[in-house]
Amino acid sequence: EDPEQRRSALSMLGTHGAKSVSLLPDVIEALKDSDAVVREEATSDLGRIAYCAPDEAVPHLVKALEDPSIRGPVTAALEAIGQPGEAALAEWKHRR
């Protein structure tokens with residue numbers, strides 16, 4: 001399937017909020033997609049659903065900060081998660 005199909009599928013996941021938590025591993029895997037638009041959509045989705053499972057999502061988002069093409073959306077996703085995401089982001093910035 002092409003990147004647009006993958007991005008569209010991810011976009012639909014993010015609209016289901018907490019119901020999407022069971023698909024968290026798939027969204028996390030999409031952070032490694034070869035297409036930057038797909039990675040950005042995965043980041044956005046994680047920002048919307050990761051509050052339900054921050055311990056699982058936050059480490060993957062922090063790792064995604066190394067990708068400059070999605071650093072802005074990853075930062076927004078970590079901030080959207082709340083305290084666990086914000087703390088991880090602060091620690092990452094301190095290490096840089």
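Biologist: Ground rule first: axes are lines fitted to C-alpha atoms, for helices over the stretch in contact, and angles run from 0 to 180 degrees between N-to-C directions. With that settled, at what angle do α3 and α5 pack?

Modeller: This is a predicted model. In it, helix α3, residues 36-49, packs against helix α5, residues 71-81, at about 10°. Their axes are 8 Å apart.

Biologist: What does that make α3 and α5 to each other?

Modeller: Angles under 35 degrees count as roughly parallel, and α3 and α5 are therefore roughly parallel to each other.

Biologist: Which residues in α3 and α5 meet?

Modeller: From α3 there are Glu-40, Thr-43 and Gly-47. In α5 they meet Pro-73, Val-74, Ala-77 and Ala-80. By class, that contact has 4 nonpolar residues, 2 polar and 1 charged.

Biologist: And α5 with α6, at what angle do the axes cross?

Modeller: Roughly 135°, and the axes of α5 and helix α6, residues 83-95, come within 5 Å. The two helices are therefore oblique to each other.

Biologist: Which residues of α5 and α6 meet?

Modeller: The α5 side gives Arg-71, Thr-75, Leu-78, Glu-79 and Ile-81. On the α6 side they meet Gln-83, Pro-84, Gly-85, Glu-86, Leu-89 and Trp-92. That contact divides into 5 nonpolar, 3 polar and 3 charged residues.

Biologist: Stepping back, how many helices and how many strands does the protein have?

Modeller: There are 6 helices and 0 strands. Along the sequence the pattern reads α-α-α-α-α-α.

Biologist: What share of the residues counts as buried?

Modeller: 44% of the 96 residues.

Biologist: Change of topic. How many salt bridges does the structure hold?

Modeller: It holds 8. One of them pairs the side chains of Glu-4 and Arg-7, at 2.8 Å from N to O.

Biologist: Where do Glu-4 and Arg-7 lie?

Modeller: Both are in helix α1, residues 3-14, and they sit 3 residues apart, about one turn of the helix.

Biologist: Buried or exposed, or in between, for Glu-4 and Arg-7?

Modeller: In between. Glu-4 is partly exposed at 45% relative accessible area, and Arg-7 also counts as partly exposed, at 22% relative accessibility.

Biologist: What else is Arg-7 in contact with, leaving aside neighbours within four places in sequence?

Modeller: Val-37, Val-38 and Glu-41. Glu-41 also forms a salt bridge with Arg-7, and the closest N and O atoms there are 3.8 Å apart. This pair links distant parts of the chain, with Glu-41 in helix α3 and Arg-7 in helix α1, 34 residues apart.

Biologist: How far apart are the C-alpha atoms of Arg-7 and Glu-41?

Modeller: They are separated by 6.1 Å.

Biologist: Is Glu-41 buried or exposed?

Modeller: Glu-41 is buried, with a relative accessible area of 14%; the cut-off for buried is under 20%.

Biologist: Next pair. How far from N to O are Asp-67 and Arg-39 in their salt bridge?

Modeller: The side chains of Asp-67 and Arg-39 meet at 2.7 Å, N to O.

Biologist: Are Asp-67 and Arg-39 buried or exposed?

Modeller: Asp-67 and Arg-39 are both buried. For Asp-67 the relative accessibility is 19%, against a limit of under 20% for buried.

Biologist: What is the C-alpha to C-alpha distance for Asp-67 and Arg-39?

Modeller: The two C-alpha atoms are 9.5 Å apart in space.

Biologist: Last one. Which residues do salt bridges that share partners join into one network?

Modeller: Glu-4, Arg-7, Glu-41, Asp-45 and Arg-48. Two of the links came up above: Glu-4 with Arg-7, and Glu-41 with Arg-7.

Definitions and conventions:
Residues are numbered from 1 along each chain as its sequence is written. This is a predicted model: local features need pLDDT of at least 70, side-chain atom pairs count only at pLDDT 80 or more; totals for chains, interfaces and linings use all residues. Side-chain values use heavy atoms; hydrogens and water are left out. Helices (H or I, at least four residues) and strands (E, at least two) are DSSP runs, numbered from the N terminus. Angles under 35 degrees count as roughly parallel, over 145 as roughly antiparallel, 65 to 115 as roughly perpendicular and the rest as oblique. Contact means heavy atoms within 4.5 Å. Ala, Val, Leu, Ile, Met, Phe, Trp, Tyr, Cys and Pro count as nonpolar, Asp, Glu, Lys and Arg as charged, and the others, Gly among them, as polar. A salt bridge is a side-chain nitrogen of Lys or Arg within 4 Å of a carboxyl oxygen of Asp or Glu. Buried means under 20% relative accessible area, exposed over 50%, partly exposed in between (1.4 Å probe, protein chains only).
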